[in-house]
Amino acid sequence: MDSWKEAISHSWIYPTVIICANGFFTAMKPSDSFVTPYLTGPDKNLTIEEVTNQILPVWTYSYLALLFPVFLLTDYLRYKPVLLLQGITLIVTWLLLLFTRGVLAMQVVEFFYGLVTATEVAYYAYIYSVVSTDRYQRVTSYCRSSPLVAATVAAVLGQLLVSLADVSYFHLNTISLASVSLAFLCAFFLPMPQKSMFFHRKDASQSLPGPDIVEALAGSDRPSSCQEDTSPDSAGRGPTPQQQAGNAKPRNHMLRVLVQLSKDLRDCYSSRKLLYWSLWWALATAGFYQVVNYIQVLWDFRAPSHSSAVYNGAVEALATFLGSVTSMAVGYVKVNWDLSGELTLGIFSAMDAGSLFLMYFTGNIWACYAGYIAFKACYMLLITIATFQIAVNLSMERYALMFGFNNFVALVIQTILTIIVVDSRGLGLDIRTQFLIYGSYFAVIAGIFLIRSTYTIISIKRGNTSAAGESTGH
């Protein structure tokens, strides 16, 4: 028995299988594509205005408020306890969603779901604390693929159950509850890590976590690691035993982490090229979060679920699949991104704006579906390019940090959009007008990068002309 436990503790396969199973069952929620029809249907009997202006904004606010403290707590507790917390929170969320009614109860549901999304960092960070660095690439692909496959399968399953078997939205949520309960059980069988990124690093030579640790700290990407202080001054002084004891305290650890994060961020954003890619990332991701969060409300407005066939699951599955294909295609396209990158951002952001304007102007639900699929595919293409361009210019720990901060800024912008455009205490605009605002928002992004790309191309051509003139003069 002891030899079996020892074999498991030294194997990368066992923790990878368990964490991937946890990610699969966490994402395997066929009810996700039908949240708005469920809330506005006879089960909850809420109005579109209550869902849009009073309930859904709570998720954005709670996610932003919990994001950073949960991230630090995740590292301090070494991931597994936070994965268990995520499982408990998911179960509580779905129990409330199934058996409570009213605006206040659904706002509590959104608060708990904000905690769920904040704790996703534990899922992406865990595996790097229990496997060696030579396995990072492989386990990263497994951990990233598992929730994506589950989300696609869940969307297809949900659509088939609703369209062919006439399964109620209540029973779809029951299936989701069973799935997240299995995810909670999987977390129990995970080995407890002995180290973490910040508070439990064994020594300065410990390998740094892989890039996809950041995938959970702000929607889809979060901060990863910090470097030890290796400045000549600190090395020359050498810490006293009292200082070493003090540095072991969580408080001093946190202070050192925050100081190092601020230094690394300053270095990252000192590059103008990286600054522009990050600017697009933050602006576009904020808009993307808003669209994805409220798209079901628009669909229900165009084709009310109580009187029309609902194809949300099929559309989400197709959009996810097409987004994955466009992301994969980036790896096979040979382009001089220094010259054409910002132009590409401008053109495809304009296409995103066009898709959103289509959703605003059209009264046809199928055109609305098509607009969403095009929107998501364009965004997934561009975020992959932006990820690649930032990554190739930074070391692993730096780009993990930069991805996380970019998404944190995106969440702040999204919160501002929510307060002004959506929240009933702000403008409280109807869902159709909201999508006019989002289309205009992406049009501004497109304009910024089209103007920027024109300036870049002109500057490069002038530089080439000057270089040719100097060569001719010699």
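Biologist: At roughly what angle do the axes of α5 and helix α6 cross?

Modeller: This is a predicted model, in which local features need pLDDT of at least 70 and side-chain atom pairs count only at pLDDT 80 or more, while totals for chains, interfaces and linings use all residues. Residues are numbered from 1 along each chain as its sequence is written, and side-chain values use heavy atoms, with hydrogens and water left out. Helices here are DSSP runs of H or I with at least four residues, numbered from the N terminus, and axes are lines fitted to C-alpha atoms over the stretch in contact, with angles from 0 to 180 degrees between N-to-C directions. The axes of α5 and α6 (residues 103-118) come within 9 Å, and they cross at roughly 160 degrees.

Biologist: Are α5 and α6 roughly parallel or roughly antiparallel to each other?

Modeller: Angles under 35 degrees count as roughly parallel, over 145 as roughly antiparallel, 65 to 115 as roughly perpendicular and the rest as oblique. With their axes crossing at roughly 160 degrees, α5 and α6 are therefore roughly antiparallel.

Biologist: How many residues of the contact of α5 with α6 are nonpolar?

Modeller: Contact means heavy atoms within 4.5 Å, and the residues making it include Leu-90, Trp-94 and Leu-97 of α5 and Met-106, Phe-112 and Val-116 of α6. Ala, Val, Leu, Ile, Met, Phe, Trp, Tyr, Cys and Pro count as nonpolar, Asp, Glu, Lys and Arg as charged, and the others, Gly among them, as polar. The contact has no charged residues and 3 polar ones, and its nonpolar residues number 12.

Biologist: Which loop is the place of Arg-78?

Modeller: Arg-78 has a positive phi of about 65 degrees although it is not a glycine, and the residue is partly exposed, with a relative accessible area of 23%. Its place is the loop between α4 (48-77) and α5 (80-99).

Notes:
Helix = DSSP H or I, 4+ residues; strand = E, 2+ residues; numbered from the N terminus. Buried < 20%, exposed > 50% of the residue type's maximum accessible area, 1.4 Å probe, protein only.
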